[in-house]
Amino acid sequence: MGNVFVLDHPLIQHKLTYIRSKETGTKEFRELVDEVAGLMAFEITRDLPVEEKTIETPVTTAVTKTLSGKKIGLVPILRAGLGMVDGVLRLIPTAKVGHVGLYRDPETLKPVEYYIKLPSDIQERELIVIDPMLATGGSASDAIASLKKRGATNIKLMCLIAAPEGVELVKKDHPDVDIYLAALDEKLNEKGYIVPGLGDAGDRLYGTK
């Protein structure tokens, strides 16, 4: 059963305050999102398996630990998810990166994939789906479904902030997926924005309106 983890580390919470502030400009916003993604990656990777390795230090022989080769894949949801990828890659530079682009057909409200490009071995990888905002949960749920359709079985979801509605939808649709958040906010407003939220993450990352 998937769990929801709110990562309340003081550094994450401190930086999130400035990410939320409307006074924060594009350059600083982008840098802060990148930094928080890196800090979140520490927690998300806490359960990666390790194995013992014997090495020579300058002093003696030591038995130490290394990652046991579990493959990681990062899958940002376009476009806002791109703003969090580099922060994670700095910690896990060997991770492969896939991309998923989705929109909802205004007539049918069904998800339409306009772009998907994934590592060829996603079935063997632990995938981290990345999107700063988990609002209604529709995009994240659809992206996870796209990965499962292609054989992925080990998936985590990483978001900066979420509304309870989005968390509930992903839990209902994908009870096997753990959700990692920097904050769980109060609600969605009538326009589908997270309250108190941080506005539109994509616009604030890329300076668009």
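Does Tyr115 count as buried, partly exposed or exposed, and at what relative accessibility? Tyr115 counts as partly exposed, because its relative accessibility is 39%; the cut-offs are under 20% relative accessible area for buried, over 50% for exposed, and partly exposed in between (1.4 Å probe, protein chains only). The model is a predicted one, in which local features need pLDDT of at least 70 and side-chain atom pairs count only at pLDDT 80 or more, while totals for chains, interfaces and linings use all residues. Residues are numbered from 1 along each chain as its sequence is written, and side-chain values use heavy atoms, with hydrogens and water left out.

The protein chain contains 6 helices and 13 strands, where helices (H or I, at least four residues) and strands (E, at least two) are DSSP runs numbered from the N terminus. Its radius of gyration, taken over C-alpha atoms, is 18 Å, close to the 17 Å from the globule rule for 209 residues, so the chain is as compact as a globular protein of that length. That rule is 2.2 Å times the number of residues to the power 0.38. Of the 209 residues, 44% count as buried.

Met158 touches several residues, among them Ala37, Met40, Ile128 and Tyr180; a contact here means heavy atoms within 4.5 Å.

Charged pairs come next. The structure holds 15 salt bridges, each being a side-chain nitrogen of Lys or Arg within 4 Å of a carboxyl oxygen of Asp or Glu. In one of them, Glu126 pairs with Lys156, the closest N and O atoms being 3.3 Å apart. Glu126 lies in strand S8 and Lys156 in strand S10, so this pair ties together parts that are 30 residues apart in sequence. Glu126 is buried at 3% relative accessibility, and Lys156 is buried at 4%. Another salt bridge joins Glu43 and Arg46, with the closest N and O atoms 2.9 Å apart; Glu43 is partly exposed at 26%, whereas Arg46 is exposed at 61%. Lys71, Asp121, Glu124 and Arg125 are linked in a salt-bridge network.

Technical notes. Lists of a residue's contacts leave out its neighbours within four places in sequence.
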